[in-house]
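Trainee: I would like to learn how to read the features of a model like this one. Could we take them one at a time?

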Amino acid sequence: MDDEMDDYSSTGSVGSSYYSYSYYNRSSTPSTPVRPPPITKYDIKFVEGTGSSRGKCIDLAFILDCTGSMQKYINSVRDHITGICDMIRGEEGLNGPDDLQVAVVNYRDHPPQDSTYVYKFHPFTSDIPKVQEYLKGLTASGGGDGPEAVTAGMAATLTELEWRREAAKMVVLIADAPPHGIGEGGDQIKGGDPDGHDPLVIARTMAQNGITFFMVACEDTLSGYSHAVDFFQAICNMTSGVMLPLTTADLLATTIVGSVLENMDMERLIAEIGVEVAQRIRQKGETMESVEEVAQELHERLLLRNEQTKQVHLPEVYAVHENAKKNVSTWMNAQYIGDAVPNILHVPGKRLTEKFRRQNYSAGFGYVPGGRLPPRKVSAPISSTTSSTIISPEVPPTPSSPPTAGSAASPPRRIVSDFKPFGATSPDKSAGGLSVFGAPMLPTGPGGGMFGSAGKTPLVNGGMRGSSMDDDDEDDEDDESGTRLKKDNISLDQARRIATQAVFRAGRF
């Protein structure tokens, strides 16, 4: 185990340490920890923004697992942080010096599993070289048992960081192990986070405050745990984020950039129609079934106006199993992880598909320092004639079902004539296009480069999202072995994310 001071940076802060831990006595033999009551409310530190006059800005927080074999992923973020930020700025047209701010939370484990620290953090800053210096001081070591202090790292984003109210808020967790308390074998802190934090409470708080959570799952380590895949899929679903399985650190930077840019389009649409979507869900009873039903209606309406979004297209990664779908639903509907654990079902077999395993094992798991992001190339705008918006009124309605990680295909599309909020106003011609609610269509970034009609960026990773794509893009069949970043017709999966985020931000779930 590395010396405690190996990865301490003077620019960061220590959030919790071995020496301040109060749940074990000071004798050589630890006593049974006495857990405090669960924390149910977080007072997030919001500050007035310093972004450009256009009001378009991003707060991006990285949560890094600094245990075990995570060094290559830490190195990848360190080596690419400048390129990541430059790519986001260019694609989104961010010109102000403070339009993009980055923070880092790094964690290990609770004592007695680790005697160095629980978590540390670097606050939000637009000075990216300072962030890079902080990352240079991080080393991966220790960790004790399998699960780590993931929950403490998640909680620190709410308790330690200062978020700008008007910013698009995103958290990217990069880890290869689950949190304590979700029922994994060998977990030495079975009750969960000793400080009373619960990841399900944290996820709901993030969702209610517009913080999108992305999970970069370092494979094939994470899927070796019994419950981790379904648990993190649920957390991502709750915050309208995406789970991004990754088998090589070489692709980490591109994965992060693609996810951030895709989420900016989701933020644009939520700002335009989120209130009306939440109202529609409330009319239908505020259940996961009503979220799915409204998401399908929303998808159809956005296709009618030829809505184009940036997308990370991913082949199938995790083997589909009915028990896995039920587990995701169980996690999402539980108040605390302790309520869900007794009801989690066993998922037999390997979690990664055999095809995915073959493709990525052959590529290896190494990291080549200094790898570069794809160059930005200006591409021609997408023609409206390429949109697949064939609507058939004769197609019968598709029965609604709860959103799951394994949904494979978009249901037959139909025109919904009785959705009053969607059809109450005429097209807003002054906005320069057909708006679903007659509200001004909000501008997106300049595009090109990673996304665009000519910009299929072929990557060698065999997929990251955890399910096959749910839109009608026939070109996906031609590129099943790689991940593609492009601009395309809005997908049903994205409509689900908008609907879920809209209802959470309204404080309804």
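Predicted model: local features only at pLDDT ≥ 70, side-chain atom pairs only at ≥ 80, totals over all residues.

Trainee: Where in the chain do Glu297 and Lys284 lie?

Mentor: Glu297 belongs to helix 7 (residues 288-304), while Lys284 sits in the loop between helix 6 (252-283) and helix 7, so the pair ties together parts that are 13 residues apart in sequence.

Trainee: Is Glu297 buried or exposed?

Mentor: Read it from the relative accessible area: a residue is buried under 20% and exposed over 50%, and in between it is partly exposed. Glu297 has 4% and is therefore buried. Lys284 has 26%, so it counts as partly exposed.

Trainee: How many salt bridges does the structure hold?

Mentor: There are 18 of them. One joins Glu92 to Lys56, where the closest N and O atoms are 2.9 Å apart. That pair links distant parts of the chain: Glu92 is in helix 1 (residues 71-92), and Lys56 is in the loop between strand 2 (45-47) and strand 3 (58-65), 36 residues apart. Both Glu92 and Lys56 are buried.

Trainee: Which residue forms a salt bridge with Glu307?

Mentor: Arg305 does, and the closest N and O atoms of the two are 2.6 Å apart. Glu307 and Arg305 are both buried.

Trainee: Which residues are linked in a network of salt bridges?

Mentor: The network contains Lys56, Glu92, Asp265, Arg268, Glu272, Arg305, Glu307 and Lys310.

Trainee: Let us turn to rings. How many aromatic pairs are there?

Mentor: The structure holds three. To read one, look at the distance between ring centres and at the angle between the planes; an angle over 60 degrees counts as edge-to-face. For Phe231 and Phe232, the centres are 5.3 Å apart and the planes stand at 70°, so this pair is edge-to-face. Phe231 also pairs with Trp331, again edge-to-face, at 5.2 Å centre to centre and 85° between the planes.

Trainee: Where do Phe231 and Trp331 lie in the chain?

Mentor: Phe231 is in helix 5 (residues 228-238) and Trp331 is in helix 8 (residues 322-333), so the pair links parts of the chain that are 100 residues apart.

Trainee: What is the relative accessible area of these rings' residues?

Mentor: The value is 0% for Phe231, 0% for Phe232 and 0% for Trp331. Each is buried, and together Phe231, Phe232 and Trp331 form one aromatic cluster.

Trainee: How many residues of helix 4 are buried?

Mentor: Nine of the ten residues in helix 4 (residues 199-208) are buried. Among them are Pro199, Leu200, Arg204 and Met206. At the N-terminal end, Asp198 caps the helix, with a side-chain oxygen 2.9 Å from the backbone nitrogen of Leu200. Just after helix 4, Gly210 takes a positive phi of about 70°.

Trainee: What does the whole chain look like in numbers?

Mentor: Its secondary structure comes to twelve helices and eleven strands, and 58% of its 509 residues are buried. Of the contacts with a separation of 6 or more, 83% are between residues 24 or more positions apart. The accessible surface is about 19,700 Å², and carbon and sulfur atoms account for 50% of it.

Note on methods:
Residues numbered from 1 in each chain as written. Heavy atoms only, no water. Helix = DSSP H or I, 4+ residues; strand = E, 2+ residues; numbered from the N terminus. Buried < 20%, exposed > 50% of the residue type's maximum accessible area, 1.4 Å probe, protein only. Contact = heavy atoms within 4.5 Å. Areas by Shrake-Rupley, 256 points an atom, 1.4 Å probe, with all protein chains shown as cover. Phe/Tyr/Trp six-rings, centres within 6.5 Å; stacked < 30°, edge-to-face > 60°. Polar contact = N/O pair within 3.5 Å; in protein donor to acceptor, adjacent residues only side chain to side chain. Salt bridge = Lys/Arg side-chain N within 4 Å of Asp/Glu carboxyl O.
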